[in-house]
Amino acid sequence: MEETLQLVDKLADQDLDYLHISVGGFWNGSIRDDNNQTPRVVMIHERVGDRVPVIGVGMLRTPDEVMKAFEIGVPLIALGRELIFSFLPSSISLKPRLNIQ
């Protein structure tokens with residue numbers, strides 16, 4: 001994780017609008033260090049501080065999960081498939097439209 005934090009340090013000093021941090025699971029901790037279960041998005045946000053906004057992404061599926069993510073200080077949250085699946089009627093299948101067998 002230290003290498004990632006060094007990279008985001010450098011990126012935060014550039015003229016960026018935001019850092020989009022997609023980690024699979026928003027609440028997942030370090031992959032290499034089982035003792036550090038602080039969410040990676042949180043570690044990155046704490047590292048860059050106010051230099052650049054962080055967008056956290058990763059399996060936030062309910063409004064409560066999104067609000068909890070905001071409450072810990074991550075300023076922006078992106079939602080993808082959660083929005084798609086929340087608004088599609090169950091009778092609609094995307095398989096034909098996406099050419100999936």
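**Note on helix packing and the sheet**

1. The crossing of helices α1 and α2 is right-handed. This description refers to a predicted model.

2. Helix α1 spans residues 2-12, and its axis lies 9 Å from that of α2, at a packing angle of about 45 degrees. That angle makes α1 oblique to α2, because values under 35 degrees would count as roughly parallel and those from 65 to 115 as roughly perpendicular.

3. On the α1 side, the contact is formed by Glu-2, Thr-4, Leu-5, Gln-6, Val-8, Asp-9 and Ala-12. Their counterparts in α2 are Met-43, Ile-44, Arg-47 and Val-48. Sorted by class, this contact of α1 with α2 comprises 6 nonpolar, 2 polar and 3 charged residues.

4. The strands form an open sheet of 3 members in the order β1-β2-β3, and the pairing is parallel.

5. The pairing of β1 with β2 (residues 54-57) runs in the parallel sense over 4 bridges. Within this pairing, Ser-22 stands opposite Val-57 of β2.

6. Helix α2 (residues 40-48) also packs on the sheet, where it touches β1 and β2. The direction of α2 makes about 175 degrees with that of β2; the two are therefore roughly antiparallel, since the angle is over 145 degrees.

Definitions and conventions
Residues numbered from 1 in each chain as written. Predicted model: local features only at pLDDT ≥ 70, side-chain atom pairs only at ≥ 80, totals over all residues. Heavy atoms only, no water. Pairing = 2+ DSSP bridges. Contact = heavy atoms within 4.5 Å. Axes fitted to C-alpha atoms, helices over the stretch in contact; angles between N-to-C directions. Left-handed = near helix turned anticlockwise from the far one by under 90°. Nonpolar A, V, L, I, M, F, W, Y, C, P; charged D, E, K, R; others polar.
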